[in-house]
Amino acid sequence: MKPYLFAVFSILLLPAPGNSQPWSAGIQFGEHVSSLWGESSQDYALGFIAGIHASHYLTPNWVIRAEINFDRRGTRIPPPVIIDPDFATEFELDYLSLPVMFRYATGETWRLHGGVGASVNLLLREETLYGSISRNETADFQKVNADVLATGGVAYAIRDNLTFSLDLRAQSGLSEIRRSRPGVQQPLGRHILWGLLAGLNVYL
């Protein structure tokens, strides 16, 4: 094993100094509003996120956190001339998202935390609604994309090894989500979303 890989694994496996519970795991669920960065005017759509997470305390305050989430995102493009709002084009995308974050946490009974990270998103399904007509257009979208994210929130210790948390999260995509086909269809834009997540965290 290369020396730098050995050093990384050694840091991850060592207990955090002064912390008898260096690992935690939990579940989370929340809602968000999402849209797309693009050239055209687009409205926000309501979506949700649900998943599990695991964290390792490198120190009593610094944490590496990884998540596996089901993430529904979308956007709504109003018609060029507003005759009937029902004729807007709506996009609904389901992802398996895999965020990894570095977070800083402080406090005892009440804990404040914040962090930054990145997420790789695997497209499971896309559905486009044209007025009242629904079409599955998954093949026209990128199978993999990535986001950068920032998060902050508060947690309350229900017991010594159990906390309830609330997190505010913002994410911004790094690439276009739809495949560009010149003369056929143009890129839609990159994901952008804001959300609130609630979770239960168990210290192992």
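**Exercise 1.** Find how many cavities of 30 Å³ or more the structure holds, and describe the lining of the largest cavity.

*Solution.* 
Step 1. In this predicted model, the count of cavities of 30 Å³ or more is one.
Step 2. E9 gives the most, with four residues.
Step 3. Sort the lining of the largest cavity by class: two residues are nonpolar, five are polar and two are charged.

**Exercise 2.** State the volume of the second largest pocket, and work out which strands supply its lining.

*Solution.* 
Step 1. The volume of the second largest pocket is about 190 Å³.
Step 2. The lining of this pocket is made up of 15 residues, and those closest to the pocket centre are Thr75, Glu90, Phe91, Glu92 and Glu127.
Step 3. At least two lining residues come from each of strand E2 (43-57), strand E3 (62-77), strand E4 (89-107) and strand E5 (110-130).
Step 4. E3 provides the largest share of the lining, five residues.
Step 5. By class, the lining of the second largest pocket has six charged, five polar and four nonpolar residues.

How values were computed:
Residues are numbered from 1 along each chain as its sequence is written. This is a predicted model: local features need pLDDT of at least 70, side-chain atom pairs count only at pLDDT 80 or more; totals for chains, interfaces and linings use all residues. Side-chain values use heavy atoms; hydrogens and water are left out. On a 1 Å grid over the protein atoms alone, a cavity is a set of points where a 1.4 Å probe fits but cannot get out, and a pocket is an open set with protein on both sides within 12 Å along at least five of seven lines; lining residues have an atom within 4 Å of a point. Grid points are joined across faces, edges and corners, and a volume is the space filled by probe spheres set on the points. Ala, Val, Leu, Ile, Met, Phe, Trp, Tyr, Cys and Pro count as nonpolar, Asp, Glu, Lys and Arg as charged, and the others, Gly among them, as polar.
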